[in-house]
Amino acid sequence: MRSLLVGVLVLWAGAVSASECLGTNLFDTMTPDQRAEIDAAVADVPFHQGLLWRASKGDQRMVLVGTYHFGDPRHDAMMARLEPMLANAAAVFVETGPAEERRLTEALASDPTLMVDSTGPTLPERLDDREWAALSAAMADRGTPAIITSKLRPWYVAMMLGVSPCMMRQVADGHGQREGLDRRLMDRAEALDIPVRSLEPWDTVFTLFRDLTPQQEIEMIRAALPAASHADDYAVTLTDAYFAGDVWRIWEFGRFDAYRNSGLTRDQIDAQMDLVKEQLMDRRNAAWIGPLTKGARKAAAQGKGIVAGFGALHLPGSGGVLRLLEQDGWTITRLDG
């Protein structure tokens, strides 16, 4: 059970440094044509580059920072930039605040069925022999034995495959002491006596995929499995892209890598990408606009603004937070360009 707790907390909160795991930046291994394909896919996506933004509407202001949930010493520079913005903030908004994190931890400890399906068919019954062998080996590398993996809920397995074994071991061993930008932002807000607000309920992680069909669940695993053995390389690749501000390039890298290596058709990959984008990003983005704008209105009454930090992939795109705010009449300005 401890490994399952570690896994969800790594995915949702983050507390380990990818920079401490050795890997190769896979962009450097691509041909010029492959890089050009990704660049073309990114070019027309709204707000596809940049981590730090201001949104303003009349006397209302919010600073929005795209975060990376894992620790890295390169977060120091962003925290320094945020310091004067925090000084004038009435509240800090994050995906999951301290109270919600506590409730999540308590729920995971008391109710294993949140991640374990004790009644339905097992994963080896739902996958073919080759797929199950690859999956059980990948999860064993992440500290979860096959007998437990067999009964895990597919959404959790698919998400875990994206976390490198090195990062999992650091957290499980208690060595992942460098905190992600979200956590550092919360800690600094608390030190400055600024209220920290959560953008969503504690149980969001368990509700995102509850409406998937059994086939969609298994396709999530099949789409994630080929890259599992290269997770350290993925961690380095995506972390470097994040710190370069190439936010949507991270997303399209995953798509084109799956085209080449997953064994699935492009239509199957696109369907998976659309599903994950809808469930993990677009729906949540739309739900966050209300709390953000309400918070900004309350802050404006005090002559202040708010600061909001959430996963960087929530910023860009036609369904991203920045475009949704723009459509609501907010003026969007990049601050790190």
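Accessible areas here come from the Shrake-Rupley method with a 1.4 Å probe. On that basis I recorded about 14,500 Å² of accessible surface for the chain, of which 51% belongs to carbon and sulfur atoms. I note at the outset that the model is predicted.

**Entry 1. The whole chain**

I looked up the secondary structure and found 16 helices and six strands. For the overall dimensions, I placed the C-alpha atoms along the principal axes, where they fill a box of roughly 60 × 50 × 35 Å. I then compared the radius of gyration with the globule rule: a compact globule of 337 residues would have a value near 20 Å, and the chain has 20 Å, so the two agree.

Buried residues account for 55% of the 337 residues. Of the contacts with a separation of 6 or more, I found that 84% join residues 24 or more positions apart. I also looked up the charges: the chain has 35 positive and 46 negative ones, and their mean positions lie 5 Å apart.

**Entry 2. Helix 4**

I checked the length of helix 4, residues 98-110. At 1.5 Å a residue, its 13 residues should span 18 Å; I found the end C-alpha atoms 19 Å apart, which agrees. I listed its buried residues as Pro98, Glu101, Leu104, Ala107 and Leu108. An α-helix has 3.6 residues a turn, so residues three or four places apart point the same way.

**Entry 3. Two residues with positive phi**

I looked up Phe47 and found a positive phi of about 55°, although this residue is not a glycine. Phe47 sits in the loop between helix 2 (32-43) and strand 1 (52-57). Its relative accessible area is 18%, and I recorded Phe47 as buried because the cut-off is under 20%.

Asp193 likewise is not a glycine and has a positive phi, of about 60°. I located Asp193 in the loop between helix 10 (181-191) and strand 4 (196-198). At 69% relative accessibility, Asp193 counts as exposed, whereas Phe47 is buried.

**Entry 4. Leu313**

I found Leu313 in the loop between strand 5 (305-311) and helix 16 (321-327). With a relative accessible area of 24%, Leu313 is partly exposed. Which residues does Leu313 touch, not counting those up to four places away in sequence? I listed Val247, Trp248, Trp251 and Met281. I also looked up Ala134, which lies 179 residues from Leu313 along the chain; the C-alpha atoms of the two are separated by 29 Å.

Definitions and conventions
Residues numbered from 1 in each chain as written. Predicted model: local features only at pLDDT ≥ 70, side-chain atom pairs only at ≥ 80, totals over all residues. Heavy atoms only, no water. Helix = DSSP H or I, 4+ residues; strand = E, 2+ residues; numbered from the N terminus. Rg over C-alpha atoms; globule rule 2.2 N^0.38 Å. Buried < 20%, exposed > 50% of the residue type's maximum accessible area, 1.4 Å probe, protein only. Contact = heavy atoms within 4.5 Å. Lys, Arg positive; Asp, Glu negative; His and termini not counted. Charge placed at Lys NZ, Arg CZ, Asp CG, Glu CD. Expected span 1.5 Å × (residues − 1).
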